[in-house]
Amino acid sequence: MTLVESTRVLLPLGITLLAPFAILAAKGDENHREGVSFIAAAITFLAVLSMVPAVIAGTVYEYTLFTILPGITVRFAVDGLGIIFALIATFLWGLATSYNVGYMRALKEHAQTRYYFCFGVAIFGAVGVAFSANVFTLYLFYEIITVFTYPLVAHHQDAEGFSGARKYLVYLMGTSKLFLLPAMVLTYVLCGTLDMNLNNIVTGMFPADVIANNPILVRITYVLYICGLAKAALMPFHNWLPSAMVAPTPVSALLHAVAVVKAGVFSVSRIILSGFGTEAMDVLWLGIPTAYLAAFTIVAASLVALTKDDIKARLAYSTVSQLSYVVIGVALFNTTAVQGGLMHIPHHAFSKITLFFGAGAIYVATHGIKKISEINGLGRRMPW
């Protein structure tokens, strides 16, 4: 694996940062406003795609933006794992924008400029998470996603919307402050740096003597990471996801397929593979308990999903279940299992965005059907 210092890493980040402000500037013309999203999505996707051949060949592009303290930097890197998530987020941004246009205009939704602005910033956060080279940068962009998806969840601005958005914010911000932030502090104390080991998923970033001399503290740090990354929706930190289904359907697609939960399982995968490494995970016996937790989530969430009549609620619990297939694959440390788990990130993204788009199409075409028990005869009303 070859590390190459390159500003190419900054291009997708720069485009996704500027696009939301271009959307605000075009607020007087909805065609221009939505056109910005399409153009930005296409350029960003192509910018990420252009790095794929080099990454496949073993190159890791990296760039340090600035240093805060020794071992704490805002640093970006593009490797195989990161480019998977970045490709998904940027490609689906274009599809989601196309759907947004039809959905938001058909329902004559309010505050559409704010909606597109926050949607764009969420994509910026997703690309930032994908390209994070250290835990601090990951944490920064993880929180950007949370803050700017809150207005999207609360978009309808009614009692139900504010209640769901409040739970969304409390769960995600609460867990990140209570667990993820302390985990980051402990990592810095133990390792002297927050830079993840992108070269070797076997050894990770924790030195061998730290693992040997402080095994309990390293285990505590790992548990804090798993609890703090609530976007992965591992039980019992999952309830925010069904509650967030009060949002417009394209936002649900953003939460489930494009940015939010994908940032969660990506971050868990990154922490396991590039943070702790398979060797430390095995020595400290952390992999199997993680796999058991993921297995429990798969079964329990699937059973709960079957009891839900609301279409989006059933899909939400399905997502809770499906995300854990990624975690269980990574936690098994077998090469094939890890590859299969990581490939389920795009597999689930494409399938779930399609399902939510279907739910939204039903809602718009039937003027309000949200329940599975009410869709009898829908094939004749919506043959295509």
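Modeller: A disulfide is a covalent bond between the sulfur atoms of two cysteines. Here, the sulfur of Cys191 lies 19 Å from the closest cysteine sulfur, that of Cys227, which is too far for a bond. This is a predicted model, where local features need pLDDT of at least 70, side-chain atom pairs count only at pLDDT 80 or more, and totals for chains, interfaces and linings use all residues. Residues are numbered from 1 along each chain as its sequence is written, and side-chain values use heavy atoms, leaving out hydrogens and water.

Biologist: How many disulfides does the structure hold?

Modeller: The count is 0, taking a disulfide as a pair of cysteine sulfur atoms within 2.5 Å.

Biologist: Is Cys191 buried or exposed?

Modeller: Buried means under 20% relative accessible area, exposed over 50%, partly exposed in between (1.4 Å probe, protein chains only). Cys191 has 17%, so it is buried. Cys118, at 4%, is buried too.

Biologist: Which residues is Phe206 in contact with, beyond its neighbours within four places in sequence?

Modeller: Contact means heavy atoms within 4.5 Å. Cys191 is one of the partners of Phe206, and others include Leu190, Ile211 and Phe276.

Biologist: Which residues have the most contacts inside the largest nonpolar core?

Modeller: Such a core is a set of buried Ala, Val, Leu, Ile, Met, Phe, Trp, Tyr and Cys residues joined through side-chain atoms within 4.5 Å. The largest has 135 residues, with Phe131, Phe206 and Trp240 having the most contacts inside it.
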